[in-house]
Amino acid sequence: MAGIEQAGSSDDMRTYVFGQHIIKATQVFFKTPLSFGIVNRMPVQPGHVLVCPLRKVERFRDMTSDEVSDMFLSVHTIAKALEVHYEVTAMSVGLQDGADAGQSVKHVHIHIVPRRKGDFKNNDDIYPLLEKNDHVAFDASSTRERRTEEDMFEEAIRLRKLFPEMYTKDL
């Protein structure tokens, strides 16, 4: 697969590039030829996940048309499944494109966050949390609690069951 940014490829140690970070395959729950879905190290709500192009690409403008189509079709498929699974009434879907928009991981990614009425005091309170989320999740000095590798693996296994095998067979 030319252009795919997989850092490692042995079956038990596969990893994926996520900007300046390496993500273990155990955190991946969804994969297409051009995109992948990962559980979140520090979700702002239960079910908060990320969808990224497989190729390391920093800005949305630099994605190919095929990558954009694939990523948004993946977001659509994942969001529908999460809405049913988490029994929520809405979704927040967000893309921060560039540092001035709050992007901290230098890799295009879309946040999908299951929502329900009253989950935040003010509906827009979610946006500052999303802007800080990636900074905090990968900042070793942060005091905010990160989920364990085991917790993320267990969530990825649960989420994989929501999708047809075509999206999970290589995981």
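**Figure 1. The second largest cavity has a volume of about 30 Å³.** This is a predicted model, in which local features need pLDDT of at least 70 and side-chain atom pairs count only at pLDDT 80 or more, while totals for chains, interfaces and linings use all residues. Residues are numbered from 1 along each chain as its sequence is written, and side-chain values use heavy atoms, with hydrogens and water left out. The structure holds 2 cavities of 30 Å³ or more (a cavity is a set of points, on a 1 Å grid over the protein atoms alone, where a 1.4 Å probe fits but cannot get out; the volume is the space filled by probe spheres set on the points). The lining comprises Q45, P46, Y86, V88, P114, R115 and R116 (lining residues have an atom within 4 Å of a point). These residues divide into 4 nonpolar, 1 polar and 2 charged.

**Figure 2. A salt bridge joins K31 and D170.** The closest N and O atoms are 3.9 Å apart (a salt bridge is a side-chain nitrogen of Lys or Arg within 4 Å of a carboxyl oxygen of Asp or Glu). K31 lies in strand 4 (residues 28–31) and D170 in the segment after helix 3 (149–160), so the pair ties together parts 139 residues apart in sequence (helices, H or I of at least four residues, and strands, E of at least two, are DSSP runs numbered from the N terminus). K31 is buried at 8% relative accessibility, whereas D170 is partly exposed at 41% (buried: under 20% relative accessible area; exposed: over 50%; partly exposed: in between; 1.4 Å probe, protein chains only).

**Figure 3. E155 forms a salt bridge with R147.** Their closest N and O atoms lie 2.4 Å apart. E155 is buried at 4% relative accessibility, and R147 is partly exposed at 21%.

Methods
On a 1 Å grid over the protein atoms alone, a cavity is a set of points where a 1.4 Å probe fits but cannot get out, and a pocket is an open set with protein on both sides within 12 Å along at least five of seven lines; lining residues have an atom within 4 Å of a point. Ala, Val, Leu, Ile, Met, Phe, Trp, Tyr, Cys and Pro count as nonpolar, Asp, Glu, Lys and Arg as charged, and the others, Gly among them, as polar.
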